[in-house]
Protein chains: 2
Amino acid sequence: MSQFSTSNFKLGIICGGQLGRMLGLAAANWDITTYVLDATENCPSSKSCDVHVLGHHMDYDAVYNFGKKVDMLTFEIEHVNMEALRKLKSEGLKIFPDPELLAIIQDKGIQKQFYAEHKIPTSPFDLYDSKEGILEALNSGQISFPFVQKSRAAGYDGKGVAVIQSAEDLHKLMDTPSMVEDAVAIDKELSVIVARNERGETKCYPIVDMVFNHEANLVDYLLCPADVSQNIELQCQEIALKIAEQLDLVGLLAVELFLDKKGNVLVNECAPRTHNSGHHTIESNYTSQFEQQLRAIMNYPLGDTTIKTPAVMVNLIGEDHYKGPVYYEGFEEVLRISGAHPHIYGKRETKPFRKMGHITVLGSTVEEAVSKAKMIKKTIKVIST
Amino acid sequence: MSQFSTSNFKLGIICGGQLGRMLGLAAANWDITTYVLDATENCPSSKSCDVHVLGHHMDYDAVYNFGKKVDMLTFEIEHVNMEALRKLKSEGLKIFPDPELLAIIQDKGIQKQFYAEHKIPTSPFDLYDSKEGILEALNSGQISFPFVQKSRAAGYDGKGVAVIQSAEDLHKLMDTPSMVEDAVAIDKELSVIVARNERGETKCYPIVDMVFNHEANLVDYLLCPADVSQNIELQCQEIALKIAEQLDLVGLLAVELFLDKKGNVLVNECAPRTHNSGHHTIESNYTSQFEQQLRAIMNYPLGDTTIKTPAVMVNLIGEDHYKGPVYYEGFEEVLRISGAHPHIYGKRETKPFRKMGHITVLGSTVEEAVSKAKMIKKTIKVIST
């Protein structure tokens with residue numbers, strides 16, 4: 001008789017940011033022992049997980065040795081040393097999602113090729129080795145403004161992305177292997193999270209509408225349920241399910257999509273993990289995305305994703321021009337707003353546009369939640385002391 | 001600029017059972033540093049709190065020294081060394097609820113006298129020093145069957161309580177200072193949790209209906225919203241608010257009440273802390289009782305207590321005849337039930353009737369949640385390996 005709960009079972013989580021932290025809190029609820037690998041002392045997960053192992057996720061030895069300590073491995077980031085993961089897998093360690101799935105997602109070029117091969121709608125693209133190649137393609141008319149360049153290797157929270165509207169933006173071009181795609185005339189940016197377990201059971205969350213702060217290139221707030229037709233919602237969920245099946249996913253996959261101005265749904269990109277666009281599920285859905293990840297990787301039945309209450313999620317982002325020990329100005333005032341739930345990630349230092357926490361606010365309607373969210377955004381500021 | 005969140009602020013919690021554990025998880029969400037005092041290694045809170053100090057809650061030195069390490073003190077149990085609390089308070093430590101409030105609640109005789117003095121409806125009672133005194137009162141006709149004897153000093157989870165239906169039960173009488181009250185002809189056992197902060201702001205939770213397992217003398221399951229008239233709900237909430245005001249409460253107070261067969265509402269007893277009858281609030285209310293306790297003791301605005309979804313809570317209690325390393329038989333099957341959320345407290349050993357965890361199950365109606373709860377009770381068994 002073995003089980004994950006109240007046992008010596010050890011779940012390893014690679015990287016200990018806010019996603020690992022909230023996964024650790026969900027695991028604590030089932031009394032699962034969690035190990036986290038992170039190179040930073042006092043990383044957000046260091047408090048919520050049982051054992052913090054210091055080490056870098058891109059370092060072969062750190063990842064390999066960490067894997068040898070645990071019974072199952074998952075991650076909160078897709079950039080992990082692949083060689084170590086493959087070696088661990090070959091030695092029998094359960095790793096979810098699978099390293100080969102990570103290999104597809106890690107490289108934004110291969111990710112796009114995967115969509116093309118599997119006839120998953122996405123904007124037209126080409127791969128380039130250097131800045132020079134892109135400039136040549138522009139000159140020859142193969143690329144036209146506006147377009148988006150994404151570095152193939154890097155990319156998290158908008159890093160490694162250049163939006164080129166016109167010749168004036170060409171100085172932003174990165175001189176690195178990259179994927180260049182047509183800029184989409186965006187009506188809405190949507191997200192859907194899908195879970196799949198080893199038995200192939202799947203569950204989709206209701207789709208969310210992500211409203212962007214274009215200055216920080218981060219989600220400003222997101223709302224759920226999204227104001228789109230049932231037809232669009234179904235299209236998004238079908239696409240997410242198809243990707244999950246084609247990738248043979250075990251775990252969660254967050255699929256970011258564009259609804260363009262002509263009403264087409266196009267995949268932007270995927271992340272095989274819990275996601276910023278699923279934080280509201282802690283309060284607003286029957287099953288949070290963090291519990292769902294546990295269910296999926298442990299091959300348990302997947303949880304109901306029904307919405308309990310409409311919700312808006314506001315990221316708490318470090319104010320521009322502030323750097324140093326963090327202070328949440330207006331924290332108490334926010335608690336006066338009915339249904340507002342702050343989540344503080346425990347990062348000691350703020351810096352411009354750093355994700356320091358989030359606030360989920362519930363309402364009996366989305367409109368009510370949006371109006372509270374706007375009040376919250378005016379009330380709280382992440383500054384330094 | 002000072003704040004509780006992401007600071008060096010240390011919250012001390014006396015006793016590290018499941019209530020302390022879930023309070024620790026709520027505090028983690030706001031990045032509050034938690035210290036717990038508990039005499040048991042691997043107590044349920046030891047994983048969710050930041051620092052576990054080994055020591056007994058009734059030991060003067062343990063409590064006093066623990067208090068000196070923290071910036072604010074609260075507890076998950078009402079039986080704490082009073083002398084140490086008073087000394088700490090005199091030295092300026094913030095202790096919520098106040099030690100003098102604990103002194104009233106700790107002694108079931110004084111607690112009853114408090115209700116009588118403040119005209120709070122409760123069943124008629126008398127105090128006795130010994131078993132002999134009770135037998136004399138029976139002989140003289142001052143007491144009549146059925147009645148309930150409660151030890152003045154002890155009492156948690158039905159311990160220290162003797163229900164005397166007839167002369168045949170007289171062997172159950174405890175020879176200790178006790179409070180004897182008329183047995184109430186119970187229609188329903190209800191509970192209401194009230195929160196109050198230092199500014200005197202108050203919030204009541206919707207009342208819950210507690211269905212008892214009389215063999216174990218523990219709640220079998222509870223449901224919310226309770227099936228009572230609005231008038232009864234208001235009466236319960238008014239009583240709870242009145243007690244909270246009269247006690248000058250800062251924190252939470254769980255008020256257990258009887259609805260008798262004539263439709264009268266009578267207070268059974270109170271606990272100045274989070275309570276088993278509030279566990280469902282984690283999933284089913286805008287604000288959980290654990291977050292509410294933090295808000296109350298930190299003098300923050302109190303959270304909205306509105307119900308998001310009807311819920312039933314089932315205690316996971318050690319099966320009779322099993323003692324040893326715990327195994328949750330049927331855990332996976334329970335996860336198949338939509339809206340079922342297990343909370344495992346992390347106690348390594350089960351024993352008959354020990355509270356090992358709970359499962360909250362949500363439904364679109366109470367009836368649906370009750371029928372799922374009945375299925376859960378048939379599915380899961382807490383046994384030993």
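Strand 1 (residues 10-14) of chain A and strand 2 (residues 33-38) of chain A pair in the parallel sense over five bridges. Within this pair, Ile14(A) stands opposite Leu37(A) of strand 2. Strands here are DSSP runs of E with at least two residues, helices are runs of H or I with at least four, and both are numbered from the N terminus. Two strands count as paired if DSSP finds at least two bridges between them.

The model is a predicted one, in which local features need pLDDT of at least 70 and side-chain atom pairs count only at pLDDT 80 or more, while totals for chains, interfaces and linings use all residues. Residues are numbered from 1 along each chain as its sequence is written, chains are lettered from A and ligands numbered from 1 in the order in which they are written, and side-chain values use heavy atoms, with hydrogens and water left out.

**Sheets of chain A**

Chain A has twelve helices and 21 strands. Strands of a sheet pair through backbone hydrogen bonds, either parallel or antiparallel.

Another open sheet has three strands in the order 19-17-21 (chain A), and its pairing is antiparallel. Here strand 19 (349-350) and strand 21 (381-384) of chain A are the edge strands, each pairing on one side only. Four bridges link strand 17 (residues 324-329) of chain A to strand 21 of chain A in the antiparallel sense. Glu329(A) stands opposite Lys381(A) in strand 21 of chain A.

Strand 16 of chain A is joined by seven bridges to strand 20 (residues 355-362) of chain A, and the two run antiparallel. Val312(A) stands opposite Val361(A) in strand 20 of chain A. Why is strand 16 (residues 311-317) of chain A largely enclosed by the rest of the structure? Seven of its seven residues are buried, so the strand is largely enclosed. Buried means under 20% relative accessible area, exposed means over 50%, and partly exposed lies in between (1.4 Å probe, protein chains only). Ala311(A), Met313(A), Asn315(A) and Ile317(A) point one way from strand 16 of chain A, while Val312(A), Val314(A) and Leu316(A) point the other way.

**Chain A as a whole**

With 385 residues, a compact globule would have a radius of gyration near 21 Å, and chain A agrees with this at 21 Å. That radius is taken over C-alpha atoms, and the globule rule is 2.2 Å times the number of residues to the power 0.38. The C-alpha atoms of chain A fill a box of roughly 65 × 55 × 45 Å along the principal axes. Buried residues make up 63% of the 385 residues in chain A.

**Backbone exceptions**

Most residues other than glycine have a negative phi, and most peptide bonds are trans. The table lists exceptions.

| Site | Feature | Value |
|---|---|---|
| Phe96(B) and Pro97(B) | cis peptide bond | omega about -10° |
| Cys224(B) and Pro225(B) | cis peptide bond | omega about 5° |
| Lys119(A) | positive phi, not a glycine | phi about 55° |
| Asp31(B) | positive phi, not a glycine | phi about 60° |

Pro97(B) lies in the loop between strand 5 (94-95) and helix 5 (99-106) of chain B. Lys119(A) sits in the loop between helix 6 (108-117) and strand 6 (125-128) of chain A. Is Lys119(A) buried or exposed? Lys119(A) counts as exposed, at 69% relative accessibility. Asp31(B), in the loop between helix 1 (18-29) and strand 2 (33-38) of chain B, counts as buried at 1%.
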